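The following paragraphs lead through a structure step by step. Please keep the sequence and the model in view while reading.

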Amino acid sequence: MNRRSSWLIALFWAAVLALLVLDWHAATPHDRFAEPPPLALGNGPAADAGHCSLAPGPDASSSR
Amino acid sequence: MASTLTSTLTPQAAPAPRQRLRLAPGLLLLAALAAFAAITWLVGWRQGLLWLIGLGYGLLLAAAAFGFTTGWRMWITRCDPKGLWAQFVGIAVAMLLSVPLLAAHPELQGADGPLSISLLVGAFVFGAAMQVADGCGSGTLYKAGLGHPVSLAVLPAFVLGSFAGATQLPAWLRLGALPPVDLVDVLGAGGTLAAQLGALALLAALLWRWRGPGPSRWAGSTVWWAAIGLGLLATANLVVAGQPWGIVYGLGLWGAKIAQALGADLSHNAFWSLPAQQAQLHASVLMDNTSVTDLGLLLGALIAASWKGKAGPSVRLPARQWMASIAAGLLLGYSSRLAFGCNVGAYFSGIATGSLHGWVWFACAFGGSLLGVRLRHRLGMQD
C-alpha cells in the first residue's frame, strides 16, 4: 500500500465516520432500552425493517 | 506491547515495514470490536450482532476475492466454472438452512420480490453495468472497503443511483407487476429444496460439461470455504434480522438521508413518504439492518485486505474508463432498486429463500452480463 492509497482510505473512513456522527445527531433520539430482542427468530423483525426485495406499499414491512 | 509503543515513538527504533504492515490489521480489528460495543450500547444487541455478521461478509469476500461479477465473466470469456460453482454452493448452504426456518417460522421474511416489468429491465441493466463497473452490490462495497480507487469512485454513484431508483420505483411498478411468488408457500420446504437444489445441480452439471481447458482463476479451496461461510452468515442474517442478506436498500437510504440533509423534501415522494420509509429516514442508519451489515462489510474487507497486504491497490486507468465505471455505478444503483435487489438481495437471497424473482433476476442479469462483457472489451478493460 502506497502513501496515496493510505490517505485515500483514511479520507474515506473519516467521511464515513463524520456522516455517521452527523446522522446520529440529526436522527430521532433512540431509547436503547426499548430495543427489540436480539434475535428475530421467535420474536419477529423490527417493525420498520427495510429490504431491497420488498415492494413499496403500506404492508411492505410486514412479515409473511 | 510496551516495547512496540516505545519503538514507534523512538525514531532510531522505528519498526521495520513488515512489522508496520502487521500492526494495521490488529488495530483495525480492535476498531471493529469497539464499533461492535458502541453499536450494541447505543442501538441494541440485534444491530451489534448484525455488525459482526457484516464484518464476516467483508472478511470472507475480500479474503477469497469472492466476486459474483468476476465469476460470471470468467465463465463468459473462458468457460471457467469455479466462480459460478462457488456461488451455487453458497446459495445452496443458505437455502438448506433458511427454507426450513422460513417454513416453520412465519415471523421470518424471505426476499420475496414481485415479478414486474421493472425486474426484467432492472436485472438486465444491472448485469451489464456490473461488468463495466467490475463490481456488483457486494463487490463494489468490499472493494471500496479495501481501498480500491475505482470502487471508491463507484460507491457514491451507486448510492445516488439507488436513491433515484427507489424514488422512481412506484412509477416503474405501474408498468405492470405480478405479486411475489414464494416457493416455500407454494411447494412447501421439501418441494422448494428439491426443486431449487435440483436446478442448481443441473446448472452446475452443464457448466462442467462446457468447461474450458485452462486453469481456474480461483486456485485452491479458499473460495469454497468462503462460499460455505457466506451461506452460514446469510442464514445468521435471517435469524438475527428476520430478513435475508441485502445490500442496496441501505445504499438508497444513505442517498435519501443525504438528499434530505441537503434540503430535499421527500415527504411527497410515492416511495419515501410511506410510513416505513419515513420511520427509516428519521431514525439513525444504525437502526437499519441493511446499513449496519453494509458498514460491517466495508470494514471487514479492509481488515482482510490489510492482513493479506492487499489494501489500497494502485490502479491506473484512462479517463474514459473512469467515467464509464462511475456511469455504470449510477446504473447499478438505479437498476438494482427496479429489480428488487442486486446479486445479493435478489440472486443470492432470493433463490436461497425460495423467491421466484431470484431466478428471473439471475436469467435477466446473466443476459445483461453477456452484453456488459462486450462493452467492457470495447472500452479496453481487462478481464
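Predicted model: local features only at pLDDT ≥ 70, side-chain atom pairs only at ≥ 80, totals over all residues.

Within the largest nonpolar core, which has 128 residues, those that touch the most other members are B:L60, B:A62, B:F126, B:A129, B:A301, B:L302 and B:W361. A nonpolar core is a set of buried Ala, Val, Leu, Ile, Met, Phe, Trp, Tyr and Cys residues joined through C-beta atoms within 7 Å. A residue is buried if 20 or more other C-beta atoms lie within 10 Å of its own, exposed if 12 or fewer, and partly exposed in between, with C-beta atoms placed from the backbone. Apart from neighbours within four places in sequence, B:L60 is in contact with B:F66, B:A226, B:G229 and B:L230; contact requires that the two C-beta atoms, placed from the backbone, lie within 7 Å.

Residues are numbered from 1 along each chain as its sequence is written, and chains are lettered from A and ligands numbered from 1 in the order in which they are written.

Chain A has one helix and zero strands; helices (H or I, at least four residues) and strands (E, at least two) are DSSP runs, numbered from the N terminus. Of the 64 residues in chain A, 17% count as buried. The contact between the chains takes 36 residues from chain A and 58 residues from chain B. Elements giving two or more residues to the side of chain B that touches chain A include helix 3 (45-63), helix 8 (149-173) and helix 11 (248-261) of chain B. That side of chain B has 31 nonpolar, 21 polar and six charged residues. Here Ala, Val, Leu, Ile, Met, Phe, Trp, Tyr, Cys and Pro count as nonpolar, Asp, Glu, Lys and Arg as charged, and the others, Gly among them, as polar.

How do two of these helices lie relative to one another? The axes of helix 8 and helix 11 of chain B come within 7 Å and cross at roughly 90°. Helix 8 of chain B and helix 11 of chain B are therefore roughly perpendicular to each other, a class that covers angles of 65 to 115 degrees. Axes are lines fitted to C-alpha atoms, for helices over the stretch in contact, and angles run from 0 to 180 degrees between N-to-C directions. The residues of this contact divide into ten nonpolar, four polar and no charged.

Helix 16 (residues 356-378) of chain B has 23 residues and reaches 34 Å from its first C-alpha to its last, close to the 33 Å expected at 1.5 Å a residue; the expected span is 1.5 Å times one less than the number of residues. Among its buried residues are B:W361, B:F362 and B:C364. The cover over the buried residues of helix 16 of chain B includes helix 4 (68-78) and helix 6 (117-133) of chain B.

Two loops deserve attention. Most residues other than glycine have a negative phi. B:C79, however, has a positive phi near 55°, and this residue lies in the loop between helix 4 and helix 5 (82-104) of chain B. B:C79 is partly exposed, with 13 other C-beta atoms within 10 Å. B:D134 also has a positive phi, of about 55°, in the loop between helix 6 and helix 7 (137-145) of chain B. B:D134 counts as buried, with 25 C-beta neighbours inside 10 Å.

Notes: Parallel < 35°, antiparallel > 145°, perpendicular 65-115°, else oblique.
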